[in-house]
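Colleague: I have just opened my first protein model and would like to learn to read it. Please take me through it one feature at a time.

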Amino acid sequence: MINNLYSIGKSALQNAQVSVNNASNNIANADTTGYQRTTAVYDTSGSITINGITVGTGADITAIQSEWDKFVENQYLDALADLAAQTSALDYLDGLDSLLNQSEGGISDVLEEFFDGWNELVTDPNSTSARAALLGQAETLVYAFQSTAASLTSMTDAINGDIRDQVDGANGLIEDLAELNAAIAANPDDNQAVSDRDQKIRELDSLIGVEVLYKSDNTVTILTGEGYSLVDGSETHSLAYQEAKVSESPVRGSDYDGSLSYSGSSSEELLMEFVSQGADGAAQFKVSTDGGATWKTDDDGDVILYTSGSADDPAEINGVSIWFEDGTGEHAVGDRYTVVAKSGLYWQSGDGDSVNITPLTDDAGNMVSGRTSGGSLAGLFLTRDDTVTPTLDGLDDMAEALIREVNEIHASGAGLTHHTSLTGSYAVDDASAPLGDSGLPFADAVETGELALTTYDADGNVSTTSILSVDPGTDSLDDLAADINAAFGGELTATVSDGRLQLTAGADMEFETAGDSSNLAAALGLNTFFTGTDASTIAINSYASTDPAHINSGSVGEDGLVASGSNETASSLATLYETTLSVGGLQTSLASAVATLTANAGSAASAAELQQTYAQTSVSYLYEQQSATSEVNVDEELIELTKYQQAYEAAAQIISVTRQMMDTVLDLV
């Protein structure tokens, strides 16, 4: 019995030492981020029977246990991934909203002021001050378009830079977690390794959003929210940020042998699925932008079918030209190709294959299954692909419509002085090809119609008027130049240089564009107000900016002359802001287009802010729940420290009493 008492006292003394050490360690790590409070787990030792009486043998510390609620932690990780996504999105969406929704000097303001300038010319077409003011307003407009486009491009570059850095960071964490898993597998009671691992899981979760599966040996399996394995024991699967690419998935038995090529870029992924069998030029396919959940349809709701054309006849889809090269055999029904004309996020399977997990939404804004949906990476990709890039595309569409529509009206008008020479600002790739297929930037605007040119002698009298027929399907730029030369016999000479049409009046001659129902002059950049094709390249035609007399406010009358005070062109341009026209394929006005663009940016920022607030509330609540379990409360640890100090003293007393009892027994011998 005395030996049992001594054993109990000894183990109690050791237990108290361990518990005091544990409480001290907790206090020392009270401010350590991610530290998990530990407690000593006691277990009653076995019993013994002495003289028919069963007595206890004390207690043992079986483990030092981290206080960590795994159920709460999984909820916390879900909320944290959502918060990280909304926060990373909001960082850029707030900037986008500020860029477009300026109280003064925004795109909407400068557009309206530009058309107000044309209205001033309606009142006084001959006013030099009104022309100077209009040029100033046009310069402001050009600057607004160019600077906004540059800001959006810089924003996209910054997002891509953040994505690259975060993918690298995620891969570093994946490797660290595998190493910690190995350390924990070797020593499951290494609470510091467990604490470090759980903290790194939180860091990884904030980047990509993860799910954690806890194993019996205290190691974990870490998956993306969509089920792709990142860490399993010491085995890892990394992430990759890859540039634009094409993938193919032919059905079994397909004998097509060829390659798909494309040009252009798009924030959308284009999934192509063949619906008919045949060779290139005959087989047809449909297209989905949401991973096959839905297929692109026309205005009547019918699925649009595209033909597998060559480089000379590509399919034009969402700003991307797609064609097939060197094809032999036939496409089979069900053959699939995916064109990702943008950089994306990929999961490395380990066998050399990459799986596309780039965040993707459908037309309703819902996440497409199988794609990353949580963490800051999801927020960055969705901000780039669903808001920033579409905003830049919308800005380009608006600038393109402005250039096209203003130039079509301006090119048919007349200024205060006639022309002696004009050089087109837009070039064809092939002067001998039909205008509709010549590579002219605005070739699609050229229609079958008539281009009227008039020449004037030294006294300003009409010399020759010629109406030239234009058919973009058959007539080339070389044909047009030949027709002009034949019609004017030296009074007006047309030449083609570097793909551009040049018109030069003969000695003591001048000329005007007397009308253009074909829109050819505007498409060639002759007698236009703007140059460029989109928001980043829009500029004022130097022909007008260096000599405001060439700003066209009037037009050539039926008598071939430009009447003093003529304001037909200025009148048409003054009302263009509210006129329904084609902007990015939609029938709307420039006023509505810019309002929609700015409203969408504001709406995206507001939505992200609301979702961030909700996610922050959830994160804070769950963090407090976990903290109540895992964080160190110094006051509580001081109580524990005092308790185990007293337990140590009591254990020492047990040993002291036992020794006295032993001495008494020995004295009896």
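Modeller: On a 1 Å grid over the protein atoms alone, a cavity is a set of points where a 1.4 Å probe fits but cannot get out; a pocket is an open set with protein on both sides within 12 Å along at least five of seven lines; lining residues have an atom within 4 Å of a point. This is a predicted model, in which local features need pLDDT of at least 70 and side-chain atom pairs count only at pLDDT 80 or more, while totals for chains, interfaces and linings use all residues. Residues are numbered from 1 along each chain as its sequence is written, and side-chain values use heavy atoms, with hydrogens and water left out.

Colleague: How many cavities of 30 Å³ or more does the structure hold?

Modeller: There are 3 of them. The largest cavity has a volume of about 50 Å³, where a volume is the space filled by probe spheres set on the points, joined across faces, edges and corners. Its lining is made by Ile403, Arg404, Asn407, Glu408, Tyr426, Phe442, Ala445, Asn519, Ala522 and Ala523. Two elements, α6 (375-410) and α8 (520-524), each give two or more residues to this lining. The largest share, 4 residues, comes from α6.

Colleague: Which classes of residue make up the lining of the largest cavity?

Modeller: It has 6 nonpolar, 2 polar and 2 charged residues. Here Ala, Val, Leu, Ile, Met, Phe, Trp, Tyr, Cys and Pro count as nonpolar, Asp, Glu, Lys and Arg as charged, and the others, Gly among them, as polar. Strands β21 (449-456) and β24 (500-505) each supply at least two of its lining residues.

Colleague: Back to α6: what span does it reach from its first C-alpha to its last?

Modeller: Helix α6 has 36 residues and reaches 51 Å, close to the 52 Å expected at 1.5 Å a residue; the expected span is 1.5 Å times one less than the number of residues.

Colleague: Where does α6 bend?

Modeller: At Arg384, by about 40°. That bend is the angle between axes fitted to the seven residues ending there and the seven starting there. Helix α6 is also mostly covered, with 31 of its 36 residues buried. Buried means under 20% relative accessible area, exposed over 50%, partly exposed in between (1.4 Å probe, protein chains only).

Colleague: Now for sheets. What is the order of the open sheet of 5 strands?

Modeller: Strands of a sheet pair through backbone hydrogen bonds, either parallel or antiparallel. Two strands pair if DSSP finds at least two bridges between them. In this sheet the order is β10-β17-β12-β13-β14, with antiparallel pairing. Strands β10 (245-249) and β14 (306-307) are at the edges with a single partner strand each, so one side of each has no neighbour in the sheet.

Colleague: What joins β12 to β17 and to β13?

Modeller: Strand β12 pairs with β17 over 5 bridges, and 4 bridges join β12 to β13. In detail, Met272 has Tyr337 of β17 as its bridge partner, while Glu273 stands opposite Lys286 in β13. Both faces of β12 are covered: Glu269, Leu271 and Glu273 on one side, and Leu270, Met272 and Phe274 on the other, are all buried.

Colleague: Which strands each supply at least two residues of the lining of the second largest pocket?

Modeller: They are β10, β12 (269-274), β17 (336-340) and β19 (354-356), with β10 giving the most, 5 residues. This pocket holds about 450 Å³ of space. Of its 21 lining residues, Ser247, Leu271, Thr338, Asn356 and Arg371 are the closest to its centre.

Colleague: And which residue takes a positive phi in the hairpin of β23 and β24?

Modeller: Asp498 does, near 55°, and the hairpin has 2 residues between its strands. Strand β23 (residues 492-497) pairs with β24 in the antiparallel sense over 6 bridges, and Ser497 has Arg500 of β24 as its bridge partner.
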